[in-house]
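Subject: Structure handover

Hi,

Here is the structure I promised to pass on to you. Please have it open while you read, as my notes follow it element by element.

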Amino acid sequence: MTSIALFGAGGKMGYRLAKNLKGSRFDVRHIEVSEAGKARLQTDLGVSCVDADTALAGAEVVVLAVPDTLIGKVAAGIVDKLVAGTIVVVLDAAAPAAGHLPVRDDLTYFVTHPCHPPIFNDETDPTAKRDFFGGVAAKQHIVSALMQGPEEHFALGEEVAKVIWAPVMRSHRVTVEQIALLEPGLSETVCASLLVVMRQAMDECVARGVPKEAARDFLLGHMNVLGAVIFEETPGVFSDACNKAIEFGIPVLMKDDWKKVFEPEEIAESIRRIT
């Protein structure tokens, strides 16, 4: 069995991974510093934690399920204990892109991140329909990058990724730089910001007298049908009135140079703020 040392196993993200790895072909050694996390793993999953040295002994894969701000510290604390050829899996591109991983050319660095269950899906099971994050019941796509290491290590890294993010549909191979464009660039700086603006716009309608439930239903319904056309989920065209509203709405809402958020220096600064 391929052995995995899972750091942060009892945390918010680590617990999700530990649950999905349970029953897989992998021999998982769980490392958790908090007593609450240890108790949760024991009570819910029936697994015991071990110390880092025990977990790392002979481990072929090390998964760092810890916050971005701790990646560098945790990695630096274990790097001298890793044998050449160990695959270190990081769950976000921020710390790797910021240069927080120790310099060791004989280690493999593999980065993977979930796309999360898509808005347009074929889920019918109620549990899957309410699994918005993914990794529980709803199917999702994932992205992965081999930051450094031999090409043959990508297959094992991707296998681990498909287990920890299961159930997985498409698995996309990209670069670390491309993952950074996707997050924080596309998903957080752009998507999350615009969604917050849409929520604020809904609240403004409510403040001007529209019942909240009516405003929410109207907005979410239009997000569905407009999104289906814009993202080519279904063939269709907008009305002349809608196209005219978009033509005049974008300049009012967006600065002409808004796409600069994808420039390398802007992405780097965004990553610096969160790591």
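Let me start with helix α7 (residues 153–164), which lies across β1, β3, β4 (87–90), β5 (108–114), β6 (140–148) and β7. The helix runs at about 30° to β5. Angles here run from 0 to 180 degrees between N-to-C directions, with axes as lines fitted to C-alpha atoms, for helices over the stretch in contact. Contact means heavy atoms within 4.5 Å. Helices (H or I, at least four residues) and strands (E, at least two) are DSSP runs, numbered from the N terminus.

Two remarks on how to read all this. This is a predicted model, in which local features need pLDDT of at least 70 and side-chain atom pairs count only at pLDDT 80 or more, while totals for chains, interfaces and linings use all residues. Residues are numbered from 1 along each chain as its sequence is written, and side-chain values use heavy atoms, with hydrogens and water left out.

The overall picture

The protein has 11 helices and 7 strands, and its C-alpha trace spans about 65 × 40 × 35 Å along the principal axes. Of its 275 residues, 37% are buried; buried means under 20% relative accessible area, exposed over 50%, and partly exposed in between (1.4 Å probe, protein chains only). Among the contacts with a separation of 6 or more, 65% are between residues 24 or more positions apart. The protein exposes about 15,700 Å², of which carbon and sulfur atoms supply 59%; these areas come from the Shrake-Rupley method with a 1.4 Å probe, and for residues only the protein chains shown count as cover.

On charges, there are 27 positive and 37 negative ones, and their mean positions are 5 Å apart. Lys and Arg count as positive and Asp and Glu as negative, with His and the chain ends not counted. Each charge is placed at NZ of Lys, CZ of Arg, CG of Asp or CD of Glu.

The sheet

The 7 strands form an open sheet with mixed pairing, in the order β2-β1-β3-β4-β5-β6-β7. At its edges are β2 (27–31) and β7 (168–173), each of which pairs on one side only. Two strands pair if DSSP finds at least two bridges between them. On average, neighbouring strands of this sheet are turned by 25° against each other, direction ignored.

Strand β1 (residues 3–7) runs parallel to β3 (residues 61–64), with 4 bridges joining them, and Phe-7 stands opposite Leu-64 of β3. Strand β1 also runs parallel to β2, here with 5 bridges; Leu-6 has His-30 in β2 as its bridge partner.

Leaving aside neighbours within four places in sequence, His-30 is in contact with Leu-6, Ala-9, Ala-18, Leu-41, Val-47, Ser-48, Cys-49 and Val-50.

Helix α1

Helix α1 (residues 12–21) packs on the sheet, where it touches β1, β2 and β3. Its direction makes about 155° with that of β1. Gly-14, Tyr-15, Leu-17, Ala-18, Asn-20 and Leu-21 are buried in α1, and their cover includes β1, β2, α2 (35–45), β3 and α7. Just after α1 comes Gly-23, with a positive phi of about 90°.

Backbone points to look at

- Ala-166 and Pro-167 are joined by a cis peptide bond, with omega about -5°; Pro-167 lies in the loop between α7 and β7.
- Glu-183 and Pro-184 are also joined by a cis peptide bond, with omega about 20°; Pro-184 is placed in helix α8 (residues 176–207).
- His-116, a residue other than glycine, has a positive phi near 75°. His-116 is in the loop between β5 and α6 (126–129) and counts as partly exposed, at 24% relative accessibility.
- Glu-232 is not a glycine either, yet has a positive phi of about 60°. Glu-232 is in the loop between α9 (212–230) and α10 (240–253) and is exposed, with a relative accessible area of 72%.

Happy to talk any of this through.

Best wishes
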